[in-house]
Amino acid sequence: VGAVVFVEVKTRTSDRFGGIEQAVTPEKVRRLRRLAGLWLARQDTRWSGVRIDVIGVRIGRRPIPEITHLRGVG
């Protein structure tokens, strides 16, 4: 079976609290890994790969939201 990807989505209207790179702290990555592991343990499927990605959605600065995709953060 193919890979399973867990995705954290972060929405920002400004950089006041940092961009998406700063939003996903090492503590947050550990939590995502733990939750992914709990979910995977309950599945009958054996995946060929597991990945955690982050999608950043920046709204407000431009008419069209800016999308950033960070692959394999954890």
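Which residues is glutamate 66 in contact with, leaving aside its neighbours within four places in sequence? In this predicted model, glutamate 66 is in contact with Gly56, Val57, Arg58 and Arg61. The legends below begin with this residue and then turn to the strands, the salt bridges and the surface.

**View 1. Glutamate 66 in strand E3.** Strand E3 covers residues 66-70, and glutamate 66 has its place in this strand. Its contacts beyond four places in sequence include Gly56 and Val57. Glutamate 66 and arginine 51 are 15 residues apart in sequence, and their C-alpha atoms are 23 Å apart in space.

**View 2. Strand E2 and the strands that pair with it.** Strand E2 is made up of residues 50-58. Because 7 of its 9 residues are buried, strand E2 is largely enclosed by the rest of the structure. E2 pairs with E1 in the parallel sense, over 9 bridges. With E3, the pairing of E2 is antiparallel and runs over 5 bridges. Two positions show these pairings residue by residue. Glycine 56 in E2 is the bridge partner of lysine 10, and valine 57 stands opposite isoleucine 67 in E3.

**View 3. Lysine 10 in strand E1.** Strand E1 spans residues 4-12, and lysine 10 lies within this strand. Is lysine 10 buried or exposed? Lysine 10 counts as buried because its relative accessibility is 17%, which is under the 20% limit for that class. Not counting residues up to four places away in sequence, lysine 10 touches Ile20, Ala23, Val24, Lys28, Val54, Ile55, Gly56 and Val57. One of these residues, glycine 56, is also the bridge partner of lysine 10 in E2. The side chain of lysine 10 is joined to that of glutamate 8 by a polar contact of 3.3 Å.

**View 4. Glutamate 8 and its surroundings.** Glutamate 8 also belongs to strand E1. With a relative accessible area of 14%, glutamate 8 is buried. Residues up to four places away in sequence aside, glutamate 8 touches Lys28, Leu32, Asp53, Val54 and Ile55. A polar contact of 3.3 Å links the side chains of glutamate 8 and lysine 28.

**View 5. The salt bridges around glutamate 8.** How many salt bridges does a search of the whole structure find? The search finds 3. Side chains of opposite charge can pair when their charged atoms come close. In one of the salt bridges, the side chains of lysine 10 and glutamate 8 meet at 3.3 Å, N to O. Lysine 10 is buried, with a relative accessible area of 17%, and glutamate 8 is buried at 14%. Lysine 28 also forms a salt bridge with glutamate 8, and the closest N and O atoms are 3.3 Å apart. This pair links distant parts of the chain: lysine 28 is in helix H2 (residues 26-41) and glutamate 8 is in strand E1, 20 residues apart.

**View 6. The salt bridge between aspartate 53 and arginine 51.** The side chains of these two residues meet at 2.7 Å, N to O. Aspartate 53 is buried, with a relative accessible area of 1%. Arginine 51 is partly exposed, with a relative accessible area of 29%. Elsewhere, salt bridges that share partners join Glu8, Lys10 and Lys28 into one network.

**View 7. A nonpolar patch on the surface.** Which residues form this patch? Val5, Val7 and Val9 form the patch, and together they have about 230 Å² of accessible area. Valine 9 lies in strand E1. In a regular strand the side chains alternate between the two faces of the sheet.

**View 8. Arginine 46 in a loop.** Arginine 46 lies in the loop between H2 and E2. This residue counts as exposed because its relative accessibility is 65%, and the class begins over 50%. Arginine 46 and serine 14 are 32 residues apart along the chain, and 40 Å separates their C-alpha atoms.

Conventions
Residues are numbered from 1 along each chain as its sequence is written. This is a predicted model: local features need pLDDT of at least 70, side-chain atom pairs count only at pLDDT 80 or more; totals for chains, interfaces and linings use all residues. Side-chain values use heavy atoms; hydrogens and water are left out. Helices (H or I, at least four residues) and strands (E, at least two) are DSSP runs, numbered from the N terminus. Buried means under 20% relative accessible area, exposed over 50%, partly exposed in between (1.4 Å probe, protein chains only). A polar contact is a pair of N or O atoms within 3.5 Å; within protein, one must be able to donate a hydrogen and the other to accept it, and residues adjacent in sequence count only if both atoms are side-chain atoms. Contact means heavy atoms within 4.5 Å. A salt bridge is a side-chain nitrogen of Lys or Arg within 4 Å of a carboxyl oxygen of Asp or Glu. Patches are made of residues with over 30% relative accessible area and no salt bridge: like charges are joined within 9 Å, nonpolar side chains (Val, Leu, Ile, Met, Phe, Trp, Tyr) within 5 Å. Accessible areas come from the Shrake-Rupley method with a 1.4 Å probe; for residues, only the protein chains shown count as cover. Two strands pair if DSSP finds at least two bridges between them.
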